[in-house]
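Q: Please take a close look at one part of this model. I would like a single connected account, in short sentences.

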Amino acid sequence: MMLELQDIYKSYALGAVRVEVLNGVNLRVDAGEFVSVIGSSGCGKSTLMHIIGFLDTPTSGEYVFEGRKTAAFMDEELCQIRNRKIGFVFQQFHLLPRLSALENICLPLVYRNQPEATNEKIARQVLDRVGMAGREMFRPGELSGGQQQRIAIARALAASPSLILADEPTGALDSQTGQEIMNLFLELNREGITVLIITHDPKIAGQCKRVVRMQDGTLREA
Amino acid sequence: MIKANVIEAARSLMSAKQRTFLALLGIVIGIGSVIAMVSVGTFVKEEALRQFTDMGTDVIRVRQDYGEGKGGGGVMSGPGGLHLSDIDKIPAECPEIGEIAPYIAVYGALRYHGRQMPAPALGVTSSFGRLFRLPVTEGRFVSDLDRYMSFCVVGPEVAAAMRQAGAKKLIGEKLTFKQRIFTVVGVTPKVPVGSMRPYEINDGIFIPITTASRFPDRPQIDDITARMVPRGRAAVAVAQLRSFFANNVPSFRPRVTSAEELIAKMEKQMQLFTLLLAAIGSISLIVGGVGVMNVMLVSVSERRKEIGIRRALGASKRDIQSQFLVESMILCFMGGIFGIGLGLGSSYLIAHFSKWTFSISYDAILIGFCVSAAVGVFFGFFPARQAARLNPIEALRSE
């Protein structure tokens with residue numbers, strides 16, 4: 001089992017009002033699955049992704065990741081999990097514009113205290129893996145949207161994660177480029193990486209082995 | 001990790017050149033003024049102590065204490081003054097005292113080739129030259145055989161004035177002081193003066209003490225400098241001198257000060273003085289530090305998104321904090337290097353125009369480096385902590 005959410009609630013205080021975003025979410029994802037979470041915008045998909053990705057904590061409920069209960073984890077442990085177990089891919093790519101493609105890919109590896117040469121070797125491998133060899137020194141501004149998303153995926157892969165979390169990864173791309181990116185995710189999944197994609201696009205969701213729908217703060221298998 | 005942080009910080013500083021330059025300027029001026037102030041304090045102290053490196057610290061000065069002057073009288077001295085014959089007895093009666101040099105200071109106008117300048121004259125014995133370690137660049141110093149003679153030795157200021165008036169060779173020239181004509185027999189160079197060596201050494205002329213005592217206004221001997229015997233103890237020597245004057249010249253109220261006491265007092269004063277200067281410099285350093293903090297806060301708020309990305313990719317709060325701390329430390333360290341240059345440069349100029357001897361104060365450089373690092377940590381800490389405490393999700397959402 002990769003991860004399991006048990007009765008997750010999340011609410012925010014918006015001024016004097018409490019907004020309930022997640023109302024008892026239950027989800028179990030096994031290793032090697034390709035899951036998409038579909039739902040209209042503002043339904044809490046991103047909040048769910050932040051909780052799964054340890055960027056946020058649930059108000060109540062239990063989150064079990066790779067067999068470990070995570071409620072008591074401190075910041076340092078959460079950082080370790082984000083750094084070594086999870087690869088994030090965002091809609092807006094979130095690359096650092098100052099850095100070259102290679103340096104962007106090295107970013108998660110920098111926090112591992114390992115030799116720079118090792119980092120660079122890994123970065124070149126994953127750059128090649130996403131079909132971007134030869135673009136090492138390009139800065140994000142010099143690359144197209146699809147190319148930037150490939151760099152972002154390479155950055156997620158550099159950490160050799162067991163789970164890739166992608167939040168609307170094709171949302172900023174045209175449909176053809178979006179399909180290319182989807183193909184890349186499908187390949188990675190075939191190689192054994194668990195992928196969880198959040199999307200509002202039924203065409204994207206349709207290519208996933210399993211689709212769950214988020215509605216009114218809860219999840220149902222679609 | 002540290003190397004990566006340093007590279008990253010340098011890159012970020014380079015990308016905002018103008019902001020970096022302005023923050024740097026504040027630190028440069030701050031560190032520069034601390035170093036300049038500390039250096040100037042050191043110069044002044046060294047200048048004040050230089051007379052002792054020339055003269056040695058085994059000297060004692062005896063002066064008339066004018067707190068309660070009382071009439072005395074005699075051929076050589078005015079009320080409360082001393083007789084040369086009394087003074088000559090000192091080495092015999094005070095075993096710790098090796099040699100003595102009494103002197104009389106007379107003030108008047110000096111005339112040479114129709115030019116007139118106010119100048120002091122010191123009536124001295126031949127021991128004066130030895131005791132105050134005065135070298136002679138031309139001719140000879142005042143001798144004990146010059147009793148009542150109109151010979152004089154000129155100090156550096158008067159010698160310079162005479163040369164300016166056209167004198168080629170000073171020895172043998174005639175000067176008028178207080179309507180008496182003196183023949184120059186020697187020239188002394190400029191030496192460091194202070195509370196032990198009177199300033200008249202550089203500004204005036206030397207004449208035999210017997211001659212000086214014959215001026216119509218009957219100047220008196222009320223200043224004696226004594227050198228102790230080798231390995232003499234200052235406290236014992238001071239006590240011996242006090243009891244000598246109490247027994248032999250009860251009308252003279254001596255104020256006895258040893259070089260050791262003078263140096264100790266002076267060092268205490270100089271410490272306060274340097275502290276005051278350092279405090280003034282520190283104020284500008286604090287202003288510079290606040291500038292750095294400001295720049296760092298702007299840098300943090302401009303890079304919220306970057307912080308969010310880094311946090312998502314596994315950077316811990318500590319990683320983010322150290323990234324920004326390294327940036328502010330680099331800023332301050334660079335400021336420190338330029339500031340040390342500025343401080344040394346301006347203290348050199350101050351020394352040059354004040355005619356003090358310039359020396360590089362390694363203490364000041366060390367202080368400069370330590371303080372700049374400390375400013376970097378201190379003023380970088382708050383912005384760095386703010387960066388580390390950002391909520392990663394909110395940071396990711398920001399543009």
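The request and its answer follow.

Q: Which residues have the most contacts inside the largest nonpolar core, and what lies around that core?

A: The model is predicted, so local features are described only where pLDDT is at least 70.

Start with the core. The largest nonpolar core has 116 residues. A:Ile105 and A:Ala154 have the most contacts inside it. The largest share of this core comes from chain B, where helix H2 (residues 17–55) gives 13 residues.

Now look at A:Ala154. Neighbours within four places in sequence are left aside here. The contacts of A:Ala154 are then A:Ile105, A:Val126, A:Leu127, A:Arg129, A:Val130 and A:Met132.

Next, chain A as a whole. Chain A has seven helices and ten strands. Its radius of gyration is 17 Å, close to the 17 Å that the globule rule gives for 222 residues, so chain A is as compact as a globular protein of that length. The C-alpha trace of chain A spans about 50 × 40 × 35 Å along its principal axes. Of the 222 residues of chain A, 45% count as buried. Contacts in chain A can also be sorted by separation in sequence. Among those between residues at least 6 apart, 71% join residues at least 24 apart.

Then the interface. On the chain A side, 17 residues are in contact with 17 residues of chain B. Two elements of chain A give two or more residues to this side: helix H2 (75–84) and helix H3 (101–110). H2(A) gives the largest share, five residues. By class, the chain A side has eight nonpolar, four polar and five charged residues.

Chain B comes next. Chain B is divided into domain 1 (2–52 + 265–397) and domain 2 (70–252). The centres of these two domains of chain B, taken over C-alpha atoms, are separated by 53 Å. Five residues of domain 1 of chain B are in contact with five residues of domain 2 of chain B. The domain 1 side of that boundary has two nonpolar, one polar and two charged residues.

Helix H12 (residues 317–354) of chain B has 38 residues. At 1.5 Å a residue, H12(B) should span 56 Å; its end C-alpha atoms are 53 Å apart, which agrees. B:Lys355 follows H12(B), and its phi is positive, near 60 degrees.

Two loop residues of chain B deserve a backbone check. Most residues other than glycine have a negative phi. B:His113 is not a glycine, yet its phi is positive, about 50 degrees. B:His113 sits in the loop between strand S2 (97–112) and strand S3 (115–124) of chain B. B:His113 is exposed, because 12 other C-beta atoms lie within 10 Å and the cut-off for exposed is 12 or fewer. B:Tyr148 is not a glycine either, and its phi is positive, about 60 degrees. The loop that holds B:Tyr148 runs between strand S4 (138–139) and strand S5 (151–154) of chain B. B:Tyr148 is exposed, with 9 other C-beta atoms within 10 Å.

Terms used. Residues numbered from 1 in each chain as written. Chains lettered and ligands numbered in written order. Predicted model: local features only at pLDDT ≥ 70, side-chain atom pairs only at ≥ 80, totals over all residues. Core = buried A, V, L, I, M, F, W, Y, C linked by C-beta atoms within 7 Å. Buried ≥ 20, exposed ≤ 12 C-beta atoms within 10 Å, placed from the backbone. Helix = DSSP H or I, 4+ residues; strand = E, 2+ residues; numbered from the N terminus. Contact = placed C-beta atoms within 7 Å. Expected span 1.5 Å × (residues − 1). Nonpolar A, V, L, I, M, F, W, Y, C, P; charged D, E, K, R; others polar. Domains from an automatic or database assignment. Rg over C-alpha atoms; globule rule 2.2 N^0.38 Å.
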